[in-house]
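Colleague: I would like to go through the contacts between the chains of this model with you, and then its strands. Could we take one question at a time?

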Number of protein chains: 4
Amino acid sequence: MVLRIGVVGTGAIGREHINRITNKLSGGKIVAVTDVNKVAAKQTVEQYQLDAAIYPDDTALIADPNVDAVVVTSWGPAHESTVLAAIKAGKFVFCEKPLATTAEGCKRIVEAEMKHGKKLVQVGFMRRYDSGYIQLKKTIENNEIGEPLMIRAAHRNPTVNENYTTDMAVTDTLIHEIDVLHWLVDDDYNSVQVLFPRKTKYAHSNLQDPQLFTIETNKGIVMNVEVFVNCKYGYDIQCEVAGEEGIAKLPEFPSVVVRKDEKLSTGILNDWKYRFMEAYNVEIQDFIDSVTKNGEPQGPTAWDGYIAAVTSDACVKAQVSGEKETIALPEAPEFYRNRAKLSV
Amino acid sequence: MVLRIGVVGTGAIGREHINRITNKLSGGKIVAVTDVNKVAAKQTVEQYQLDAAIYPDDTALIADPNVDAVVVTSWGPAHESTVLAAIKAGKFVFCEKPLATTAEGCKRIVEAEMKHGKKLVQVGFMRRYDSGYIQLKKTIENNEIGEPLMIRAAHRNPTVNENYTTDMAVTDTLIHEIDVLHWLVDDDYNSVQVLFPRKTKYAHSNLQDPQLFTIETNKGIVMNVEVFVNCKYGYDIQCEVAGEEGIAKLPEFPSVVVRKDEKLSTGILNDWKYRFMEAYNVEIQDFIDSVTKNGEPQGPTAWDGYIAAVTSDACVKAQVSGEKETIALPEAPEFYRNRAKLSV
Amino acid sequence: MVLRIGVVGTGAIGREHINRITNKLSGGKIVAVTDVNKVAAKQTVEQYQLDAAIYPDDTALIADPNVDAVVVTSWGPAHESTVLAAIKAGKFVFCEKPLATTAEGCKRIVEAEMKHGKKLVQVGFMRRYDSGYIQLKKTIENNEIGEPLMIRAAHRNPTVNENYTTDMAVTDTLIHEIDVLHWLVDDDYNSVQVLFPRKTKYAHSNLQDPQLFTIETNKGIVMNVEVFVNCKYGYDIQCEVAGEEGIAKLPEFPSVVVRKDEKLSTGILNDWKYRFMEAYNVEIQDFIDSVTKNGEPQGPTAWDGYIAAVTSDACVKAQVSGEKETIALPEAPEFYRNRAKLSV
Amino acid sequence: MVLRIGVVGTGAIGREHINRITNKLSGGKIVAVTDVNKVAAKQTVEQYQLDAAIYPDDTALIADPNVDAVVVTSWGPAHESTVLAAIKAGKFVFCEKPLATTAEGCKRIVEAEMKHGKKLVQVGFMRRYDSGYIQLKKTIENNEIGEPLMIRAAHRNPTVNENYTTDMAVTDTLIHEIDVLHWLVDDDYNSVQVLFPRKTKYAHSNLQDPQLFTIETNKGIVMNVEVFVNCKYGYDIQCEVAGEEGIAKLPEFPSVVVRKDEKLSTGILNDWKYRFMEAYNVEIQDFIDSVTKNGEPQGPTAWDGYIAAVTSDACVKAQVSGEKETIALPEAPEFYRNRAKLSV
């Protein structure tokens, strides 16, 4: 069985997903596209030689009985209504982050999905599909390092452009750690405090960079997460979990080891695209497979999208207040439990 | 365009390729299978829910006009005739190693293909599709370490069964280094000498293990290649190229870094299957893509299969003689030049 | 010229220094010892076959005209009066940490030394003599990573005994980071906040373990320092400095690299003694050399001892309050400037 | 007790030993020096402010009843007669390599020492005092990797001057591996074969560089040792021992780990002096300590010097012949057994 997919939003990320579904993965077929920019939609169909209908809007695309699943890659503010419409139509949804731009919006999706009675929605947090994070989670679950007590993480970009503002360190960057860290330790966030260290000269005038987030969980795990988006030296994702018996750390991205010029060195990536390339493929293949074989996606849920939104709000608040801010998360509904299962 | 594939041989490796083409990759479809064991062929079709014809033999399968390309995963002695038949029918061939069990057999295939006038055959040397080897080759081609002078390589298995004999260190194990090393440095082999170090107690009585191969190339590069198939500690592939300006080495297989029990450690695989899993996927996807898009495969050629056979023969001879044996390779025909191009 | 040394306190650390001065280093000679336990003093003289006078107390030892320098290795509360007496007598002093048990005590020593007009006192912070920290400081001073912005450090012990209390995480453990981190970046501390993560089950009931200290400097550098004294896996000292251009980290303690049992591993020490063994030797040799050749010690000064005491007090206060506490350090007197010079 | 030392030869290495005995180590005192260049001898005494007699030649120096031990740091061809004279006088000798320039010369020293009836001579092979090699030997002796089967080693210099000839790859460079490798595995050499890979463009016209030595031992261990003295990238010593249970490798020289410019790197030394600096100190301190405390040196013996000479001769012969050459070593006399004991 082939999953017939409609894509809402044919911008960069939309086209990447179209390309991977069409040319790299198995079991999915793009049968419909739409974009606010009609020309872009048409060009995409031509570029990838798709046998796909072009719709004027998401409503029409969702209504197409040939569409089994909707991939939402429009701009953020449009996500909520598309996802709600897809749920209403009983169609599967793969929605790029954010699920909705507000916690309330995410809540509405969660409620719609629960009302529908079956999981339809997967949110595009791809790190859970990265082999390094998967190994790290297995190491924790196999109790190799004992109960987790502390996490040190870093999210570093070589540089960002002038449009990147201080709050985007949360909403665009930290958001990935927000999703992956609670999943890693199967725990819920409780509070966050933000510290602004001495600012790098490479950050533009309106941007605080680097930033240090201290996030505490219900079980008392303390997570020190650094966001440093003008670190100059490369794209670098670090995550180290300290437990009662030992410490486990993400592997470095594999690279040829060179002895040259009085240095023993390996390469560090300069672009995030390469770092999670394979994770994106695994993520989309898993969405296709679990939907076609199990009748529901098994990746990050709408509830995970809601967690991300609530936590993100508290982090932005903490950036402004300088105080420890509460992350007020209700307990996960029964519907969304077992979220910590290894998905791959 | 979908590449319609017939599979000759539905044993373990055949089924793996069927699975990957059907469930993981894009652009290929299994339309026909055959196996000397009819029951196995039928079971395979059922297991993977294939919409595929079951043929009594390779001749019938090749004759099916729906078959664009043939994947040869039968046992070694059957390869040559299937490949020759496919070439005669003008069909693309992906043939697992060995291309043929003798150098003469490989030669016949090379000649048939040249006579046909277009490249049809790819041999299943998957290492060229491993991201580590690809990085290593790029490092050399980008002249980062200068002209290559020496290579140190090792191929280690934790253990082998009682059927593994001394010559299989060449034909089953070293064969992968034979293919990948000349490709890495774009050079031809000239001679080989074998040394038997002190034997490990874990090798059964008929097997010399470890073995050290010293291979020299036309340009004078000396390659020290260790084959150690009862090394106990894991499956481990090492390759280090020393050049005039520096030294480059394959990355270790990425693994979580753990501090525990007074050790800082990363995992080593215990099974070769995991080591080149991704390379197999990339290899088959590349075969499908290059055949459908460029009209010919761009991976290891029949000539590479011939090089492997000639070199393998000399290595086995050197095991017996204890002397330096010549590897008598004619210059590659124009038809097969440009073999060193990066394929991925 | 040989430096004639009197040792006050012949306990474990005293005997180690006696041993190294007598049997490993050059230019020093133990000519006098004293200890509150007379038997211990006598046994020490015999054990190391010293040609040394045994004095009833520090006053008598200091008064001996044969004594050029005093090594203070008594218990902490006795340090201040011995150091003050030695300064009064114009003798050089090497005092193990703490210089005095209170900031006021340290201040009195600072004032006495300044009044004396010449530097006489070195405090036993040996990390500045560790080759790893020296390399790290050179890396920073050579501007290889640009201006320092953040530090991540960890001080981990496998286990501590029942007498180790929560405040000792500061006074016994963090104290080394307190000394070495401001020296590394040539900056002064400004504030500290302490966080208690989930407690490890291996900590006894009265002890909070691990602990996380967030220390900020005048220039805005944020230092996240973990103290984890029941980490189980080994003795491990980590320090990583993030700057505007890159990040530099202490080397791991060198250890044979082993491939065995599906692991690639290096050893981690289980005892702090081995970690800084060589640093202790270099430290004492440097004290002897600089005193005999330059007429004053060039290692950590009385002012550094004062900084450690003031900072330590604030850290203990922050453990109790849970709040950010100010570290109120006056500017260093002219007398103590140039403290950031590489001493080795 | 202080060991009173006379130094024969006040060139570079002689002065370094004088400096370390005088200013860094314990228990030794330079009481006499001599050099063919009288001015150099006098300058050395002044430079290091020695209280030492200056003798016209080694005979006079050895005759001085104040001299307990002789350090031989003259040029190679003079070693034999000085060592023989010292043995005759019953004085301890620390002789820099080579013990004598011929195997016969070494044999004469061995016989003289045995006739004397007590071990007096230590040869200056400092690698056995390097902490990395010591750890590696302990790893083997503790049976952590099982019986050794193969060794891979490399001795690389960034560059050599025009006076360095092909045979010096053995006599100046490989000589250190010759000493340390048989000690590591407690075995005797049996044969050697040399291979000349493609020559680096950085080697001058008369020099073959790199060179590959294949040395086999009595137990069948095969050692692949690379000498590469124009490797450009740095001074690098590698040694990896493969055993039946696992593989152990020398640690890299410790160095700060830096993330910068898209590279994760550590430094490689550019000069051999830094690599074994500490080993030289430990070596000389051990000579002083064992002589004064045990009445005989416990480092590399005259027999080790003889092994080095015989092996070195065979290696040079193999460079010329291109054939496998026998290393004809008699069994060690009882007098020299137990040579594999850990000395530190």
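Colleague: How many residues does the contact take from chain B and from chain C?

Modeller: This is a predicted model, in which local features need pLDDT of at least 70 and side-chain atom pairs count only at pLDDT 80 or more, while totals for chains, interfaces and linings use all residues. Residues are numbered from 1 along each chain as its sequence is written, chains are lettered from A and ligands numbered from 1 in the order in which they are written, and side-chain values use heavy atoms, with hydrogens and water left out. With contact taken as heavy atoms within 4.5 Å, the count is 16 residues from chain B and 16 residues from chain C.

Colleague: What area do chain B and chain C bury between them?

Modeller: Buried area here is the accessible area (1.4 Å probe) that two parts lose on being put together, summed over both. Carbon and sulfur atoms carry 49% of what chain B and chain C bury, and the area is about 1,400 Å².

Colleague: Which side chains meet in a salt bridge between chain B and chain C?

Modeller: The rule asks for a side-chain nitrogen of Lys or Arg within 4 Å of a carboxyl oxygen of Asp or Glu, and across this interface of chain B and chain C it finds four salt bridges. One of them, at 2.7 Å from N to O, joins E252(B) and R259(C).

Colleague: Which element gives the largest share of the side of chain B that touches chain C?

Modeller: Strands are DSSP runs (E, at least two residues), numbered from the N terminus. Those that give two or more residues to the side of chain B that touches chain C are β11 (236-243), β13 (257-260) and β14 (263-267) of chain B. The largest share, five residues, comes from β14(B).

Colleague: In what sense do β14(B) and β14 of chain C pair?

Modeller: Two strands pair if DSSP finds at least two bridges between them, and β14(B) is joined to β14 (residues 263-267) of chain C over five bridges. Within this pairing G267(B) has K263(C) as its bridge partner, and K263(B) stands opposite G267(C). The sense of the pairing between β14(B) and β14(C) is antiparallel.

Colleague: Which residue in the turn between β13(C) and β14(C) has a positive phi?

Modeller: Strand β13 (residues 257-260) of chain C pairs with β14(C) in the antiparallel sense over four bridges, and V258(C) stands opposite S265(C). The two strands form a hairpin with two residues between them, and the turn residue with a positive phi, of about 50 degrees, is D261(C).

Colleague: Why is one side of β3 and of β6 in chain C left without a neighbour in the sheet?

Modeller: These strands belong to an open sheet of six strands with parallel pairing, in the order β3-β2-β1-β4-β5-β6 (chain C). β3 (53-55) and β6 (121-123) of chain C stand at the edges, so one side of each is left without a neighbour because each has a single partner strand.

Colleague: Which three residues supply 25% of the area that chain A buries against chain C?

Modeller: In this contact 37 residues of chain A meet 37 residues of chain C, and the two chains bury about 3,100 Å² between them, 55% of it on carbon and sulfur atoms. The three that supply 25% of the area on chain A, more than any other three residues, are R152(A), R198(A) and E244(A).
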